[in-house]
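Visitor: Can you walk me through this one? I have the structure open here.

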Amino acid sequence: MKKTISKCLRIIGGVLVALLLILAGYLYWKWPIYPSSEKKLESISELREALVECEATKDCIVLDPAEYGTNSESFTLKLRDRFRNSDPCGYYIFGTYPETDRKKSLSIMSLPLDGFLRLEVAESVYRDAQTKLTKGSYPSQDRYMDLELLCGEYYYLISASFKTTGLPEQELAERDADLQALLYSVADRIIDAAEAP
């Protein structure tokens with residue numbers, strides 16, 4: 001009788017330990033650890049590796065803003081959800097220029113195409129790619145310019161801004177032209193990379 005009770009207790013204990021291990025594994029993989037479906041990365045190579053590992057983002061073009069003169073960059077991997085094993089669904093890169101250049105910044109974002117993005121961007125065509133250029137100013141007196149681009153199976157948002165405080169109108173116009181040239185040079189690189197065999 002005592003052997004039977006002891007054997008039953010061991011079986012029940014083993015089952016409880018197994019259930020606790022299964023629960024711990026489930027919580028490890030399914031507990032939300034990212035606050036906003038994003039993961040900060042240390043380098044552009046780490047970002048590229050993460051994107052290549054997923055079928056939906058493996059052909060996404062990732063340009064380094066340092067190639068355009070930025071001296072401080074941050075890299076963010078956009079995730080499908082907030083779990084540890086979430087697949088990437090895009091990226092966001094932000095770079096700033098030296099303080100002497102009036103806090104100029106450049107950012108590049110990319111996501112795989114969804115139907116609604118295709119409808120919103122179709123404003124004009126640049127090198128056979130649908131684009132939309134938007135200009136404006138923030139209340140903080142920063143002037144910004146966004147270029148939305150549909151290239152291949154991806155949506156890209158290329159943005160740049162600069163501080164306008166104390167600039168005469170002629171210099172503002174020159175900086176706007178420089179910003180637009182910068183955005184289209186980034187778009188050219190993305191298009192060229194997408195067209196390469």
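Guide: One term to begin: two strands pair if DSSP finds at least two bridges between them. Helices (H or I, at least four residues) and strands (E, at least two) are DSSP runs, numbered from the N terminus. This is a predicted model, where local features need pLDDT of at least 70, side-chain atom pairs count only at pLDDT 80 or more, and totals for chains, interfaces and linings use all residues. Residues are numbered from 1 along each chain as its sequence is written, and side-chain values use heavy atoms, leaving out hydrogens and water.

Visitor: Okay, what stands opposite Val125?

Guide: Gln130 in β6 does. Strands β5 (residues 124–126) and β6 (residues 129–137) run antiparallel, joined by 3 bridges. Their hairpin has 2 residues between the strands, and Arg127 there takes a positive phi near 50°.

Visitor: And which residue is the bridge partner of Gln130 in β7?

Guide: Leu150. β6 and β7 are antiparallel too, with 8 bridges. They form a hairpin with 4 residues between them, and Gln141 in that turn has a positive phi of about 70°.

Visitor: New topic. Which residues touch the most other members in the largest nonpolar core?

Guide: Leu47, Tyr91, Leu149, Tyr156, Ile158 and Ile190, out of 38 residues. A nonpolar core is a set of buried Ala, Val, Leu, Ile, Met, Phe, Trp, Tyr and Cys residues joined through side-chain atoms within 4.5 Å. Buried means under 20% relative accessible area (1.4 Å probe, protein chains only).

Visitor: Where does the largest share of this core come from?

Guide: From α4, with 9 residues.

Conventions
Buried < 20%, exposed > 50% of the residue type's maximum accessible area, 1.4 Å probe, protein only.
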